[in-house]
Amino acid sequence: NEIALEKALEDLNLCYKNVLEKAYTLFTAEHQEKSIALPFLSSILGIDKDAAAKVAVTSLINFLMNDDNKNKYGLIAIELDDKKDIVLFKKYLQID
């Protein structure tokens, strides 16, 4: 169902955004290098990997482009399962 997929992708976007916002609040003053690793959620949620990769990249870029978030993290890593996932992320990051 197209409506269910659209809602799932919206929820996926919120997952990335909420995790990034909440995790940052858990850092203390002793954490000089603030970094986070996140899983690529499509395989967990049963969402098409291409659509999920686009949402993940867009969500992360939108988070980082927000002036309030620009310096929150020194590193944000996404755990990818295989080379096909890397190709998808490179596609949406526009990396050759």
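1. Contact means heavy atoms within 4.5 Å. In the protein chain, residues 24 or more positions apart account for 71% of the contacts with a separation of 6 or more.

2. This is a predicted model: local features need pLDDT of at least 70, side-chain atom pairs count only at pLDDT 80 or more, and totals for chains, interfaces and linings use all residues. Residues are numbered from 1 along each chain as its sequence is written, and side-chain values use heavy atoms, with hydrogens and water left out.

3. Start with the overall layout. The protein chain has 4 helices and 2 strands. Helices (H or I, at least four residues) and strands (E, at least two) are DSSP runs, numbered from the N terminus. Along the sequence the pattern reads α-β-α-α-β-α. The C-alpha trace spans about 45 × 30 × 25 Å along its principal axes.

4. Next, burial. Buried means under 20% relative accessible area, exposed over 50%, and partly exposed in between (1.4 Å probe, protein chains only). Of the 96 residues in the protein chain, 29% are buried.

5. Now look at helix α4, residues 83-93. Its buried residues are D85, L88 and F89. They cover an arc of only 95° around the axis, so they sit on the same side of α4. The arc is taken from the directions from the helix axis to the C-beta atoms. An α-helix has 3.6 residues a turn, so residues three or four places apart point the same way. The face turned away from the buried side of α4 carries the exposed residues K83, K84 and V87.

6. What do the buried residues of α4 pack against? They pack against α3 (49-65) and β2 (75-79).

7. Take the helix pair. α3 and α4 pack at an angle of about 50°, with their axes 9 Å apart. That makes α3 oblique to α4. Angles under 35 degrees count as roughly parallel, over 145 as roughly antiparallel, 65 to 115 as roughly perpendicular and the rest as oblique. Axes are lines fitted to C-alpha atoms, for helices over the stretch in contact, and angles run from 0 to 180 degrees between N-to-C directions. Residues making the contact include A53, V57 and I61 of α3 and L88, F89 and Y92 of α4.

8. Check both ends of α4. At its start, a side-chain oxygen of D82 comes to within 3.0 Å of the backbone nitrogen of K84. Just after α4, Q94 takes a positive phi of about 60°, although Q94 is not a glycine. Q94 is exposed, with a relative accessible area of 73%.

Notes. A polar contact is a pair of N or O atoms within 3.5 Å; within protein, one must be able to donate a hydrogen and the other to accept it, and residues adjacent in sequence count only if both atoms are side-chain atoms.
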